[in-house]
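Thanks, everyone; I would like to walk through a few local features of one structure, and I will give the cut-offs as I go.

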Amino acid sequence: MTRRILIRATGAARPGQLAGLGRVLDQCGARLLDINQSVTFGVVSLEALVGLDREAELETALNEAGDLLGLDVQAIQIGADDYRQWSIQASQPRLILTLLAPRLPAGILAEVGTLTAEHGLNVELIHRLSGREPLDGEALPHGACVECWLRGEEVDLESLREKALALGATHGVDIAIQEDSIWRRHRRLICFDMDSTLIQAEVIDELARRHGVYDEVAAITERSMRGELDFQQSFRERMAKLKGLDEAVLAEIAENLPLMDGAERLMTHLKRLGYRTAILSGGFTYFARHLQEKLGFDEIHANELVIRDGKVTGEVSEPILDADRKAALLQEIAAREGLRLEQTIAVGDGANDLKMLATAGLGIAYRAKPLVRSRARQSISTLGLDAVLYLIGYRHADLEDAD
């Protein structure tokens with residue numbers, strides 16, 4: 001009859017420890033069923049689950065090896081019921097919970113532990129994705145990020161996300177919860193909104209200010225937000241207010257577009273990692289082209305301003321790129337590239353982005369209004385745009401080593 005034994009070894013880490021324990025297990029005829037090892041501040045912690053089909057003085061041999069290797073070794077018999085329960089848990093779906101903030105307060109661990117326990121979830125693994133905090137105590141340049149792997153039976157994911165959003169808001173921490181799958185580290189297309197996502201501005205507002213019609217444009221926007229106008233009606237009315245604006249103003253604004261924090265770093269790594277990148281914007285191609293040249297986007301889709309004799313006519317070419325068109329374009333690009341929707345990412349900040357965010361495999365509301373954050377599956381508000389890399393699962397050290 002097979003005996004299942006959990007080997008637990010801890011001590012000061014040094015080379016050759018795994019080899020020494022491995023030889024003992026081999027000599028005793030053990031089969032390796034599972035293994036985990038980590039080293040923190042020079043202390044090694046190793047756990048191995050093994051199966052034995054014959055009698056062997058395993059515990060004595062391990063203790064002798066531990067003395068030689070500088071390890072405290074325990075051998076724990078695992079009963080059939082415990083093994084069965086472990087096997088059931090290992091086959092349950094995994095969730096990935098990601099904590100992001102400029103700094104992570106220690107209290108958030110207790111809160112997250114309570115939240116996950118309420119939903120019947122076990123914390124399987126916790127590891128850090130961000131870099132190490134500098135010795136001078138300054139905040140990490142790209143923020144702090146910890147990833148937790150959770151397992152449990154069927155979970156009310158919407159309820160869990162809603163509570164996590166409220167918890168994060170209380171502590172100034174972004175808490176993202178994703179279902180783990182093969183596609184998580186195999187995304188290949190990422191689509192961005194432009195205004196207030198890639199850039200720290202709403203271009204149409206900047207144009208209206210320069211043309212002296214900001215209050216009139218803002219009033220139209222307010223009517224749209226109250227539901228009195230749909231996006232296309234609102235867009236046409238705002239565009240009409242820009243009639244006669246000199247094209248030179250567009251060029252000046254384009255040259256001085258303030259990029260969102262982390263946008264350049266994110267694009268550098270996405271291109272290195274082989275992602276196809278696109279701008280899907282309800283703004284204007286005039287400015288999207290500028291970003292394409294500066295940051296290297298593969299394609300852009302936005303609204304085309306009509307300019308005649310160096311002046312904005314107040315018209316826009318059809319079709320107007322609205323929420324439905326954004327979602328459709330994401331699907332079209334994915335199909336053209338031979339990608340599944342699970343391999344796509346969308347990032348945006350407004351209600352006009354919600355359909356695109358819902359269509360993508362990973363939809364991220366970035367520095368969005370509360371309504372958009374509550375409806376999107378994931379959100380980032382505390383860090384720069386490059387924090388998207390953490391949600392895909394990339395470690396800071398791996399990215400920097402690739403430079």
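His-301 counts as partly exposed, at 21% relative accessibility, where partly exposed is the range between buried, under 20% relative accessible area, and exposed, over 50%, with a 1.4 Å probe and protein chains only. Please keep in mind that this is a predicted model, in which local features need pLDDT of at least 70, side-chain atom pairs count only at pLDDT 80 or more, and totals for chains, interfaces and linings use all residues. Residues are numbered from 1 along each chain as its sequence is written, and side-chain values use heavy atoms, with hydrogens and water left out.

His-301 sits in strand β11, residues 299–303, a strand being a DSSP run of E of at least two residues and a helix a run of H or I of at least four, numbered from the N terminus. Leaving aside residues up to four places away in sequence, His-301 touches Ile-279, Leu-280, Ser-281, Leu-321, Leu-329 and Ile-333, with contact meaning heavy atoms within 4.5 Å. Its C-alpha atom is separated by 31 Å from that of Leu-100, 201 residues apart along the chain.

Turning to helices, the axes of α9 (residues 247–255) and α11 (residues 285–295) come within 10 Å and cross at roughly 35°; these axes are lines fitted to C-alpha atoms over the stretch in contact, with angles running from 0 to 180 degrees between N-to-C directions. The contact involves, among others, Leu-250 and Ala-254 of α9, and Tyr-286, Phe-287 and His-290 of α11.

Finally, Ile-35 lies in strand β2, residues 31–40, and is partly exposed, with a relative accessible area of 37%.
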